[in-house]
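Hello,

Here is the structure for your files. My notes on its cores and salt bridges follow below it.

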Amino acid sequence: MLTVSGVHSFYGHIEALKGVDIEVPDGAIVSLIGANGAGKSTLLMTICGNPRAARGQIVFDGDDITGLPTFEIVRRGVAHAPEGRRIFPRMTVVENLQMGAITSDPVGYDADIRQVFDLFPILEERQSQRGGTLSGGEQQMLAIARAIMARPRLLLLDEPSLGLAPMVVRQIFQVIQEINERDRMTVLLVEQNAYHALRLAHRAYVMVNGRITLSGSGSELLADPEVRAAYLEGG
């Protein structure tokens, strides 16, 4: 579904991505792990067109989207739940969800909002509450639900477990697995919680300093001594 080939990306004169190659098969969960500052978030943002890839190619569903504006990439079926949630704090839960649905056919809106309320029942309880008054975990659920409202074929998730309590983390990873298995939604997951990310992943990559250094199935990377030492055992 998604192929990133030799992509370089810059912030000013700083090269954040240094020839990245990844593949995200249709219907798969692909996890990308690595330390802070490795370039993981930059890769997701580059896929979405901001920043633009300086060199290389990004192909989604057979079409080159490297030079497309972000709104056109979203229309083609890519949704992004960014790091830090970035919900609209003064809008209610329902208004945030409506913003996520802005590119979708309104005919299916009622079914879509029912789906996200089934995934995150607490959002239905809080639907008239302003986003900024929600707990951190509820805001993360809202960010993911807002992205799902766009009916994406490819969902980009950036650090969905960051700063959340273990019980909420488990719930969010269960939802990711459910939408993948039930709806065949393809997911590219950036996550510092390497254990959960690799357990969930059909395929996984390790990024170090803007480069992909390891790849394999999630189970292969879970068993890799180098990965275990760096990301799973506090090394």
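Buried means under 20% relative accessible area, exposed over 50%, and partly exposed in between (1.4 Å probe, protein chains only). Arginine 76 is partly exposed at 34%.

This is a predicted model: local features need pLDDT of at least 70, side-chain atom pairs count only at pLDDT 80 or more, and totals for chains, interfaces and linings use all residues. Residues are numbered from 1 along each chain as its sequence is written, and side-chain values use heavy atoms, leaving out hydrogens and water.

Salt bridges next (a side-chain nitrogen of Lys or Arg within 4 Å of a carboxyl oxygen of Asp or Glu). The whole structure has nine. Arginine 76 pairs with aspartate 63, closest N and O atoms 3.3 Å apart. Arginine 76 sits in the loop between helix 2 (70–75) and strand 6 (78–81), aspartate 63 in strand 5, so the pair ties together parts 13 residues apart in sequence. Helices (H or I, at least four residues) and strands (E, at least two) are DSSP runs, numbered from the N terminus. Aspartate 63 is partly exposed too, at 38%.

Aspartate 61 and arginine 153 also form a salt bridge, at 2.8 Å, N to O. That pair is 92 residues apart.

Now the nonpolar cores (buried Ala, Val, Leu, Ile, Met, Phe, Trp, Tyr and Cys joined through side-chain atoms within 4.5 Å). The largest has 48 residues, and Leu97, Leu155 and Ile176 have the most contacts inside it. A second, separate core has 29 residues, including Val7 and Met207.

Best wishes
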